[in-house]
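Trainee: Please take a close look at the pockets of this model, and at the residues that line them.

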Amino acid sequence: MSPAYNFASGPARLPDAVLERAHDTLLLRGADGACALERPFSSPAFRATLERARQRLAALLDLPAGYRVLFLAGGAMQQFSMVPLNLLGPSRRAAYADSGYWAGRAIREARRFAEVAVVARYQGDTPLAAPPLENWRLPDDCAYCHITPNETGEGIAYPALPNTGAVPLVADATSCFLAAPLDISRFGLIYAGAQKNIGPAGLTVVIVREDLLQREARYAPAPYCYRQQLAENNTVNTPVGWAIELAALVFDWIAESGGLAAMAEANRRKAERLYHAIDTSGGFYRAPVAHGHRSPSNVRFQLTDERLTEPFLQQAEAAGLTHLRGHCHVGGLRASLYNAMPEAGVAALVAFMADFARRQG
């Protein structure tokens, strides 16, 4: 029987080697009578895992001095509130770039706490490219500038990072984090939900520059306060120990597989292969996002004859190619190609697409 491949945008596929290692280790009770699901966060074993996860992630990212790593409970959407609560300080103004669905969600949430200046926006009625990178006019007193460098729904990726000068750049990197090397020094804060390239849903990684932790966070509840979470070593509230244990295994797997440069090269090959199949299909399939702005993580495409979308999805699932339905906001099809998606999965999808086109043509 052929293997099945999960192309979901998240929670996404975990590396096979990580699942095998987790099966062999995380569900076994240790000498203390507890497995990873049960172990208290005050135990030396959990504290060692937390520190190992931090150190491994810092090494993968070549983390500069002056940055701190947090492993927080919840998803990236909670950061839509936590960022303004922690970073506004005496300013009540923040800059945001609108690149699509998730950037829009972040903007709407930030407006609950701040005066939001939308300093860049996708062009046209619907997002088919990232916002232009030039002429961002940031308010003089804005506390930070927030971007979403990869939009999972629309399949859009920024071709480069904007230059925000002295204004700290903040990024929701949920769907592109650990997919390629990243210059952390370009950011004041970067956050990522775990369920793409880090581990299971329910965990979010936050990397924050130390000077930003000095800003007053008067209205941030204790579990939402970055400074307090760091002061108490991630234990203001009970941390998601199981998710951190799995994340540590994923970081080990990335390092053992060649690091972020190797992830980037494999992801490039996967995305190029799928986009080539779409672009050379004679118009049977089409990718609506502008060249140079296409996401390598979330490949959005459509059937020119939209009546074939449901048959395509049904037959793909029967062939073991699952969760290819596009985001409900835009429809169509989407294949998410995160780190754990093997190249064999993309090869199987490309072969199915060609066969489906032949049969329908």
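Mentor: The largest pocket has a volume of about 670 Å³. A pocket here is an open set of points on a 1 Å grid over the protein atoms alone, where a 1.4 Å probe fits, with protein on both sides within 12 Å along at least five of seven lines; lining residues have an atom within 4 Å of a point. Grid points are joined across faces, edges and corners, and the volume is the space filled by probe spheres set on the points. This is a predicted model, in which local features need pLDDT of at least 70 and side-chain atom pairs count only at pLDDT 80 or more, while totals for chains, interfaces and linings use all residues. Residues are numbered from 1 along each chain as its sequence is written, and side-chain values use heavy atoms, with hydrogens and water left out.

The largest pocket is lined by 33 residues, and Ala-157, Tyr-158, Cys-176, Ala-180 and Pro-296 are the closest to its centre. Helix H7 (residues 259-279) gives the largest share of this lining, six residues; helices (H or I, at least four residues) and strands (E, at least two) are DSSP runs, numbered from the N terminus. Domain 1 (17-256) and domain 2 (259-360) each contribute at least three residues to the lining of the largest pocket, with domain bounds taken from an automatic or database domain assignment.

The second largest pocket has a volume of about 270 Å³. Among its 18 lining residues, Trp-102, Thr-152, Thr-174, Gln-195 and Lys-196 are the closest to its centre. Helix H3 (76-87) and strand E6 (150-151) are the elements that give two or more residues to this lining, and H3 supplies the largest share, three residues.
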